[in-house]
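Work through the following exercises with the sequence and the model open side by side. Each task is followed by a solution that goes step by step.

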Amino acid sequence: MKILVLNSGSSSQKSSLYEIAGHLPDVPPAPIWEGRIEWEGDQAKLQIKSRQTASEKFSVTGSRKQSTEQLLSHLLDGSAPILRDKSEVAVVGHRIVNGGTLYKEPTLVTSEVKSAIERMSAFAPLHNRAELEGLEIVTKIVGEVPQVAVFDTGFHAHLPEAAAVYPGPYEWLQKGIRRFGFHGINHEYCAGRAAQLLLEDPTSLKIVSCHLGNGCSLAAIRDGRSVDTTMGFTPLEGLMMGTRSGSVDPGILAYLMRQDHLTGEQLDDLLNKKSGLLGISGISGDMRKVVSAMEQGNARAKLAFEIFIHRLAAGIASMAAALNGLDVLIFTAGIGENSPEVRAAVCSQLTFLSLLLDFAKNTEAHLDQDIAARESKVRVLVVRAQEDWAIARECWKLQSRLTDASSN
């Protein structure tokens, strides 16, 4: 079975093609093809790689929709086509950022589901609308193939009310304003992968998963379920991020509206695109560039790094409190997987949890590896983010159930 995954972000578009023969493999397989578009303003760069050919990089032109069409067209019309015919694709999976409280499980896309995703665009306008566009593009390029929505909020859909409800007027909750949480697809995958690596039952572990990329969030996982997380009503809440502020005193926003006469749109742009590592360092939202500048003596870069670590350590401690203990700490996504400096700095502030890092393993960390010292009471894992594979896996499960049901 060939499964295509379209993972739409606000500034990037990633697509992967997997082939699963028979049963699901125990270890995530490499995709047989993957492509990625990164947008910087009006410029877009496309990277394609497959098992048959070397990686190709080139610029693409046109709108976001046209660029995505170019990306998917490479499956059939590239220099070394991956598919002989579009009918080879059995199912297409999509990462949908916000499914609200209505959609908690992977769902076959219908007109009703599309309408619900459109309604949730009020809460995640950049993401949900890009994802709706992706659904239309797949139909245009691949045809009338079954499409599955896998919701980033789904893993957090059963948060305890005390963790999900904001302490504002109760009417907020009645209007649908609550903490949804995000990065759920990867948090759930990493929790399962950690249990697999440690040869433990996933329901027996108290896990804090740190998804640290351009967007950053933590999840407290007990009995295999999310019981708390740092992102909330939008992906802006919580940790300091690449260009997002994370949580700030709401009084600051009221002050800026009164004092500088900023509009809601200006505040949104300020908090989402001009804050975080970029806003403090003045250099970049990329942790690698911040660390490099810090090592060269840049004071603002050093401050940005220290704020990031301070808030990350405090967040992990908060998640451990929600779990009443901690067995496993996971680092995943771009920063989590590739920054030994971040891992070392934050773990040095968590020794009160009897967490001890093996600094040699941390420096030479391989993905899907335990980097804790032997005597540490908390295992520390670096786990490769596998959102696309997690989506493909859910598509396989859903398509297999539908096939079994139709044959009975």
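**Exercise 1.** Determine how helix H7 and helix H8 are oriented towards each other, and which residues meet.

*Solution.* In this predicted model, the axes of H7 (residues 250-259) and H8 (residues 264-273) come within 11 Å and cross at roughly 135 degrees. Angles over 145 degrees would count as roughly antiparallel and those from 65 to 115 as roughly perpendicular, so H7 is oblique to H8. The crossing of these two helices is right-handed. The next step is to look at the side chains: Leu 253, Leu 256 and Met 257 of H7 meet Leu 267, Leu 270 and Leu 271 of H8. Sorted by class, this contact of H7 with H8 has six nonpolar residues, with no polar and no charged ones.

**Exercise 2.** Describe how H11 packs against helix H10 and against helix H13, giving the angle and the handedness for each pair.

*Solution.* Begin with H10 (residues 287-295), which packs with H11 at an angle of about 125 degrees, their axes being 8 Å apart. H10 is therefore oblique to H11, and the crossing is left-handed. On the H10 side the contact is made by Met 287, Val 290, Val 291, Ala 293 and Met 294, which meet Ala 301, Lys 302, Ala 304, Phe 305 and Phe 308 of H11. These residues divide into nine nonpolar, no polar and one charged.

Turn now to H13 (residues 340-347), whose axis lies 9 Å from that of H11 (residues 299-323), at an angle of about 55 degrees. H11 is therefore oblique to H13, and H11 passes H13 in a right-handed crossing. Phe 305, Phe 308, Ile 309, Leu 312, Ala 313 and Ile 316 of H11 make this contact with Glu 341, Val 342, Ala 345 and Val 346 of H13. By class, the contact of H11 with H13 has nine nonpolar residues, no polar ones and one charged residue.

**Exercise 3.** Characterise the second largest pocket by its volume, its lining residues and the elements that supply them.

*Solution.* The second largest pocket holds about 510 Å³ of space. It is lined by 24 residues, of which Glu 105, Phe 155, Glu 188, Gly 224 and Glu 394 are the closest to its centre. Two or more lining residues come from each of strand S8 (147-151), helix H6 (184-198), strand S11 (225-229) and helix H15 (387-407). H6 gives the largest share, six residues. Finally, the lining divides by class into nine nonpolar, seven polar and eight charged residues.

Definitions and conventions:
Residues numbered from 1 in each chain as written. Predicted model: local features only at pLDDT ≥ 70, side-chain atom pairs only at ≥ 80, totals over all residues. Heavy atoms only, no water. 1 Å grid on protein atoms, 1.4 Å probe; cavity = no way out; pocket = protein on both sides within 12 Å on 5 of 7 lines; lining within 4 Å. Points joined across faces, edges and corners; volume = space filled by probe spheres on them. Helix = DSSP H or I, 4+ residues; strand = E, 2+ residues; numbered from the N terminus. Nonpolar A, V, L, I, M, F, W, Y, C, P; charged D, E, K, R; others polar. Axes fitted to C-alpha atoms, helices over the stretch in contact; angles between N-to-C directions. Parallel < 35°, antiparallel > 145°, perpendicular 65-115°, else oblique. Left-handed = near helix turned anticlockwise from the far one by under 90°. Contact = heavy atoms within 4.5 Å.
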